[in-house]
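Open the structure in your viewer and keep the selection tool at hand. This tour goes stop by stop, from the whole chain to single residues.

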Amino acid sequence: MGVQVLKNWSPRKIVHFLKRNGFVDSKIHKGDHCGLYNPETKAYVEVDQGRDAFTKREMSGFVHASKIDEKNWIRGKKIKKQ
């Protein structure tokens with residue numbers, strides 16, 4: 001099996017993934033941007049919902065900002081609590 005890489009995601013899929021992993025709506029909206037905040041990790045992610053999809057480079061930015069391991073993003077799975 002080859003190396004798995006981060007794929008392009010739609011804004012809807014990003015928001016859904018973040019909410020499944022502890023993020024809540026931060027009530028900060030600027031135009032078509034949606035802010036999500038994780039009270040546990042203190043991570044903040046802003047998603048432009050006026051887009052069709054995000055590039056791999058932009059997805060790397062979401063990974064970094066969310067503080068969620070890239071492996072979980074690649075699988076698109078909820079983080080398991082330990």
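Start with the cartoon view. The protein has 3 helices and 3 strands. Read from the N terminus, the elements follow the order α-β-β-β-α-α. Keep in mind that this is a predicted model.

**Whole chain**

Show the C-alpha trace. Along the principal axes, the C-alpha atoms fill a box of roughly 40 × 35 × 15 Å. The radius of gyration is 12 Å, which agrees with the value near 12 Å for a compact globule of 82 residues. Now colour by accessibility. Of the 82 residues, 32% are buried. Contacts come next: among those with a separation of 6 or more, 47% join residues 24 or more positions apart.

**The N-terminal segment**

Select valine 5. This residue sits in the segment before helix H1, which spans 11-20. Is valine 5 buried, partly exposed or exposed? Its relative accessibility is 40%, so valine 5 counts as partly exposed; the buried class would need a value under 20%.

What remains includes an open sheet of 3 strands in the order S1-S2-S3, with antiparallel pairing. Strand S1 (24-30) and S3 are the edge strands, each pairing on one side only. On average, neighbouring strands are turned by 25° against each other, direction ignored.

Zoom in on S2 (residues 33-38) and S3 (residues 43-48). These two strands pair in the antiparallel sense over 6 bridges. Which residue of S3 is the bridge partner of glycine 35? Select glutamate 46: that is the partner. Then pick histidine 33, which stands opposite aspartate 48 in S3. Between the strands of this hairpin lie 4 residues, and lysine 42 takes a positive phi near 65°.

**Helix H1 over the sheet**

Bring H1 back. This helix lies across S2 and S3 and runs at about 160° to S3. Click leucine 18. Leaving out residues up to four places away in sequence, leucine 18 touches Phe23, Leu36, Val45, Val47, Ser66, Ile68 and Trp73.

**Helix H2**

Select residues 56-66, helix H2. Which residues here are buried? They are Met59, Phe62, Val63 and Ser66. They cover an arc of only 100° around the axis, so they lie on the same side of H2. Step just past the end of H2 to lysine 67, where phi is positive at about 65°.

**The core**

In soluble globular proteins, nonpolar side chains tend to be buried together. The largest nonpolar core here has 18 residues. Select Ile14, Leu18, Val47, Met59, Phe62 and Trp73, the members with the most contacts inside this core. H1, S2, S3 and H2 are the elements that give two or more residues to the core. Which element gives the most? Colour H1: its contribution is 4 residues.

Definitions and conventions:
Residues numbered from 1 in each chain as written. Predicted model: local features only at pLDDT ≥ 70, side-chain atom pairs only at ≥ 80, totals over all residues. Heavy atoms only, no water. Buried < 20%, exposed > 50% of the residue type's maximum accessible area, 1.4 Å probe, protein only. Pairing = 2+ DSSP bridges. Axes fitted to C-alpha atoms, helices over the stretch in contact; angles between N-to-C directions. Contact = heavy atoms within 4.5 Å. Arc of directions from axis to C-beta. Core = buried A, V, L, I, M, F, W, Y, C linked by side-chain atoms within 4.5 Å. Rg over C-alpha atoms; globule rule 2.2 N^0.38 Å.
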